[in-house]
Amino acid sequence: MRAARLMSLILLLQSRGGMTAAELARELEVSERTVHRDVLALSEAGVPVYADRGRGGGYRLLDGYRTRLTGLDRAEAEALFLSGVPGALREMGLGEVAATARLKAAAALSPSLRDAPATAAQRFHLDAPGWFASENPPPAALTPLARAVWGDHPVTARYREAERTLEPYGLVLKGGVWYLATRTAIYRVDRFGDVVPHLDRRFERDRDFDLAAFWAERAAEFIRSLLRERVTLRLSPYGQRMLRFVADPAALDDALASAGAPDGQGWVTVRLPVESWQVAHGQVLRFGPDAEVLDPPELRALMAEAAARMNALYG
């Protein structure tokens, strides 16, 4: 543990030029006293680290000194490619590995480029969960599943009260929710019970498997399975402009493709895919007087009732 901390201290000084004891203590999550002891140990071991005295002082490496400890191992290299999603890395238990990888990469940069990581971090940030999402802890199954995914290890897991043996191909974070992908299926990670990775075994991964393409295909299938019904609407010109803000994004293209020719007043008829006509009730209300329900009759009756109640309120 101390050896890793000493290496991190060297890399911090090499990548940033100089740091105070307080800054080093904050980065390494130790006390300033520990930093002073570590610097002394490095100096005794022949590392040319010295202290700048006075205002704005701190610890520095002798100009021109470059450590050879910058080679990335496999775990660090893989984590580096995910460094744009720090929250996801922490939830998968890879935060410390990624931090070490970033330090090594920064230490390998020339002095003129050492501020590049900070410059990027000041300008771009990814916040994956949607608005109003509650701050829930990551699912307990996520860390063992992530470990199995990285090592191509099969797992035995309980999912919705049934025990399954799975070959975990990948993990997907969508709207703050984690999903596990196998070669043929998608599972919500928060619905797993106990997960036991078989670290002594490896499964043969299909090298042609494309996680992003597989997820996109399954997500589209899932959305299509939800939009089981159609409602027929007449839309005013303003209602047509509102359609993209009211309809489910997956239903928009089908609705636009179904649009007939405008009548003399510019109104068009569309067939809108919806989850159910009960759900469509709330969607169509957003159009106000710029949409008329033609079908199904049950939804038209609900809209007539809502219009009568609003007339009683505002009439």
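Accessible areas here come from the Shrake-Rupley method with a 1.4 Å probe; for residues, only the protein chains shown count as cover. This is a predicted model, in which local features need pLDDT of at least 70 and side-chain atom pairs count only at pLDDT 80 or more, while totals for chains, interfaces and linings use all residues. Residues are numbered from 1 along each chain as its sequence is written, and side-chain values use heavy atoms, with hydrogens and water left out.

**View 1. The whole protein.** The protein exposes about 19600 Å², of which carbon and sulfur atoms supply 53%. Its secondary structure comes to 13 helices and 12 strands; helices (H or I, at least four residues) and strands (E, at least two) are DSSP runs, numbered from the N terminus. Of the 315 residues in the protein, 35% are buried. Buried means under 20% relative accessible area, exposed over 50%, and partly exposed in between (1.4 Å probe, protein chains only). Among contacts with a separation of 6 or more, 62% join residues 24 or more positions apart; contact means heavy atoms within 4.5 Å.

**View 2. Helix α13, residues 297–314.** The 18 residues of α13 reach 25 Å from the first C-alpha to the last, close to the 26 Å expected at 1.5 Å a residue. The expected span is 1.5 Å times one less than the number of residues. Leu299, Met303 and Ala306 are the buried residues of α13. They lie on the same side of α13 because they cover an arc of only 60° around the axis; the arc is that of the directions from the helix axis to the C-beta atoms. An α-helix has 3.6 residues a turn, so residues three or four places apart point the same way. The buried residues of α13 pack against β10 (229–235), α12 (277–285) and β12 (291–295). The face turned away from the buried side carries the exposed residues Pro297, Arg309, Asn311 and Ala312.

**View 3. The largest nonpolar core.** A nonpolar core is a set of buried Ala, Val, Leu, Ile, Met, Phe, Trp, Tyr and Cys residues joined through side-chain atoms within 4.5 Å. The largest has 22 residues, and Leu233, Leu235, Leu243, Leu272, Val284 and Phe287 touch the most other members. Two or more residues each come from β10, α10 (237–246), α11 (249–257), β11 (268–274), α12, β12 and α13. The most come from β11, which gives four. Not counting residues up to four places away in sequence, Phe287 touches Leu233, Leu235, Gly239, Met242, Leu243 and Val246. Apart from this core lies another, of 18 residues, among them Leu142, Ala148, Leu171 and Trp178.

**View 4. Helix α11.** Ala251, Leu252 and Ala255 are the buried residues of α11. Seen down the axis of α11, they fall within an arc of 115°, so they line one face of the helix. These buried residues pack against α10 and β11. On the other side of α11, Asp253 and Ala257 are exposed.

**View 5. Aspartate 38 in helix α3.** Helix α3 spans residues 32–44. Aspartate 38 counts as buried because its relative accessibility is 1%. Leaving out residues up to four places away in sequence, aspartate 38 touches Arg2, Arg5, Leu6 and Leu9.

**View 6. Aspartate 152 in a loop.** The loop runs between α8 (142–151) and β4 (155–159). Aspartate 152 has 8% relative accessibility and therefore counts as buried. Aspartate 152 touches Arg201, Arg202, Phe203 and Arg205, again not counting residues up to four places away in sequence.
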